[in-house]
2 protein chains.
Amino acid sequence: MCFTDEVVEASGVVTPAPTGTTTGAGELFQLLRDGRARTRAELAASTGLARSTVTARVDALLASGLVGNAGEATSTGGRPPTRFRFDSAARVVLGADLGATHARLAVTDLAGAVLAEASEDLDIGLGPEPVLDRVVTLARELLTPWRSRLLAGIGVGLPGPVEHSSGRPINPPIMPGWDGFDVAGALSREFGTPTLVDNDVNVMALGEHFSHWRDTEHLMLVKVATGIGSGIISDGAIRRGAQGAAGDLGHVAVPGGGDVPCRCGNTGCLEAIASGAALAAALRSRGYDCVSSRDVVALARGGSVEAVQLLRGAGRDIGEVLSTAVSLLNPSVIVIGGALAAAGEHLLAGVREVVYRRSLPLATQHLRIVPSRSGERAGVIGAAVMVVERVLSPAEVDALVAAAR
Amino acid sequence: MCFTDEVVEASGVVTPAPTGTTTGAGELFQLLRDGRARTRAELAASTGLARSTVTARVDALLASGLVGNAGEATSTGGRPPTRFRFDSAARVVLGADLGATHARLAVTDLAGAVLAEASEDLDIGLGPEPVLDRVVTLARELLTPWRSRLLAGIGVGLPGPVEHSSGRPINPPIMPGWDGFDVAGALSREFGTPTLVDNDVNVMALGEHFSHWRDTEHLMLVKVATGIGSGIISDGAIRRGAQGAAGDLGHVAVPGGGDVPCRCGNTGCLEAIASGAALAAALRSRGYDCVSSRDVVALARGGSVEAVQLLRGAGRDIGEVLSTAVSLLNPSVIVIGGALAAAGEHLLAGVREVVYRRSLPLATQHLRIVPSRSGERAGVIGAAVMVVERVLSPAEVDALVAAAR
């Protein structure tokens, strides 16, 4: 079992590693993350570390399993030196993406590659205990074939605001009973491993970035489904803001949004006008049998002119708010995902129309507005990648190495 | 002279340091930036570096002057070991803040402390060559008493969009003749030292953050003057976005902004409605003799109800846009600066009224909206701090150390 200290004190918090000769193994390990095999001498040369320090740290990394023997290098006389390489199979990670009505889980290795996956319908409204019980059962089944590998951590995406530092939902509007619930603590105790929790759009942004846009430093992912939200990657990292509330597009006032009431208590919010729920309600009022974002998309695909017009209009409203986001953040890519984005070009065309009209040329000349490529898998991959990034950070590798001794 | 290679290839670009035994001195130096004196043995212990490596790197840092001898430590037998400390007086830095109608310059040490300062009226509209000639003259005068110290770099804030990577203004609306002008190159050639250029609000944000909010990770500085713009600090660093255009609040559409034409070609932009220029125009149309932001503030201070109402209304309009920024960025502090903010509580009250009404509780419960404390000095301090941060980064210290050998 690894990281038990952390589990006790509250998951998601980096425990300072005990000082000692192997402290700094985490720093050395960053060099090896590129997957290239290196000898002790090469590691000493490129870091300036004392040869004895390199040997101690490599030994510690070998003991932890994070680094493996990668055969011998060519000898320049004498016994050929051993080479070492990051072993991404050393641990597994569990990612869980919980939506309003679904759960998707994946087991990945430490390189973020998906080893196993499962999903099923699950109503978040059942409350934290029944939902997490089901997640635990699904996770145990999924992990069974991988039980020979240590579980390095769990990442969870939830459909509402989350205080990332504590792993608790904060006043989540569509998650009755979840306010302040210690999601991270519950899963950490169950699996004896740290758990990181974030909102669904942040993990989607991480997943989309990891899978398709790794070289893009400034990316914004917008999820348009029952609600509307965004995850912001700036200078290569997710930006959560002071309380983890960054990216909350849904309750921004739309210019010309008028006095449409929103469930947040304000009026004219983007979510009240352009979300899947808003469009479904508009179509119902026109006599259609339409409940969800999926129904809206199905109607548009079936040729309903009204559905297509509403989607285009929603795209324009989203574009009004995104043009402000473009002015503020100057991203180079905006990815549009979520169930309503599955309608294809209708929504996207509206977004593009307004953003390119409203934003200044300097910010739009290289801006790309694209549909999500990871689709439904973005969240679960992002949840796992969030854990991988944490687990392989210098401080965590130091802690892991200390625990493995 | 230092950094000459950089000057040739384009200032602001980090030149990879030549590899060799002193590469890595920059990394070691980061430990010493806290100002605490340490022995070679202490440096070796806390880094795991070979003793010979520490000695080579300390020698290189001593030769560069960045580190100085700080006396002897207590001996545990034998010759007492020497201690070393960061010498913030090793170099000076020049900061220049150019506004629409003023220039302010400061010489600071490597800890950002102001050693000398000057300012005068200077019309940016004269064009780059006359303005920069004058800046060079002022800078030479200001630097004269410090000529025994090497100039580590120059930081410049300009009142318009700047491509930070190249140090050139990009389509700056109030800077005729400056579009694409190589400001960084011109000053770098003149002084034989690298020059970093950014827009005025980013350097104000850096200055305000450095001077008063160093422990605040998420801060937004809003400048309300002839124009309106902002600088965004997220996770402790300024975020410039893909083209350096981040923070451009001025051309965001205000909800309810209507069809007031803006100089950018759009309508209803924040700057067209709530800037000092817009308020001065509104007061002129009511018969007042009012040209600048300062005139607006003077009228409000003199008791003009119309000026006070306009300021309050401008605060509300700015608040509408800032409530979106709060939803997107979740800052913990918003600093309001610029000439119009000098009107005191009128503008700020309008901002607060709307932001606290419009934004979600999670984002506003710990949010502070405060007036600038650095005032007119924020920009010039920020311009210098931008250079200090660059010059003392590991890669730059490596380059500097290599050049000093």
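1. A word on conventions. Residues are numbered from 1 along each chain as its sequence is written, chains are lettered from A and ligands numbered from 1 in the order in which they are written, and side-chain values use heavy atoms, with hydrogens and water left out. As the model is predicted, local features need pLDDT of at least 70 and side-chain atom pairs count only at pLDDT 80 or more, while totals for chains, interfaces and linings use all residues.

2. How the copies are related.

3. Extent of the interface. Chain A gives 49 residues to the contact and chain B gives 49 residues, contact meaning heavy atoms within 4.5 Å. About 3900 Å² is buried between the chains, with 58% of it from carbon and sulfur atoms; buried area is the accessible area (1.4 Å probe) that two parts lose on being put together, summed over both. On the side of chain A, the most area is lost by A:Leu328, A:Arg358 and A:Leu362, together 20% of what that side buries.

4. Polar links across the interface. Between chain A and chain B, 23 residue pairs are in polar contact, both residues at pLDDT 80 or more. Here a polar contact is a pair of N or O atoms within 3.5 Å; within protein, one must be able to donate a hydrogen and the other to accept it, and residues adjacent in sequence count only if both atoms are side-chain atoms. The interface also holds 2 salt bridges, a salt bridge being a side-chain nitrogen of Lys or Arg within 4 Å of a carboxyl oxygen of Asp or Glu. B:Arg239 and A:Asp235 form a salt bridge with an N to O distance of 2.9 Å.

5. Salt bridges within chain A. In chain A, a salt-bridge network links A:Arg104, A:Glu117, A:Arg294, A:Glu376 and A:Arg377. A:Arg377 and A:Glu117 form a salt bridge, their closest N and O atoms 2.9 Å apart. This pair joins distant parts of the chain, 260 residues apart: A:Arg377 is in the loop between strand 15 and helix 14, and A:Glu117 is in strand 6. Helices (H or I, at least four residues) and strands (E, at least two) are DSSP runs, numbered from the N terminus.

6. A pair in chain B. B:Glu376 and B:Arg294 form a salt bridge at 3.8 Å, N to O. B:Glu376 is exposed at 52% relative accessible area, and B:Arg294 is exposed at 56%. For these terms, buried means under 20% relative accessible area, exposed over 50%, and partly exposed in between (1.4 Å probe, protein chains only).

7. Helix 9 of chain B. Within helix 9 (residues 276–285), the buried residues include B:Leu279, B:Ala280 and B:Leu283. Helix 8, helix 10 and helix 11 of chain B are among what covers the buried residues of helix 9. Just after this helix, B:Gly287 has a positive phi of about 95 degrees.
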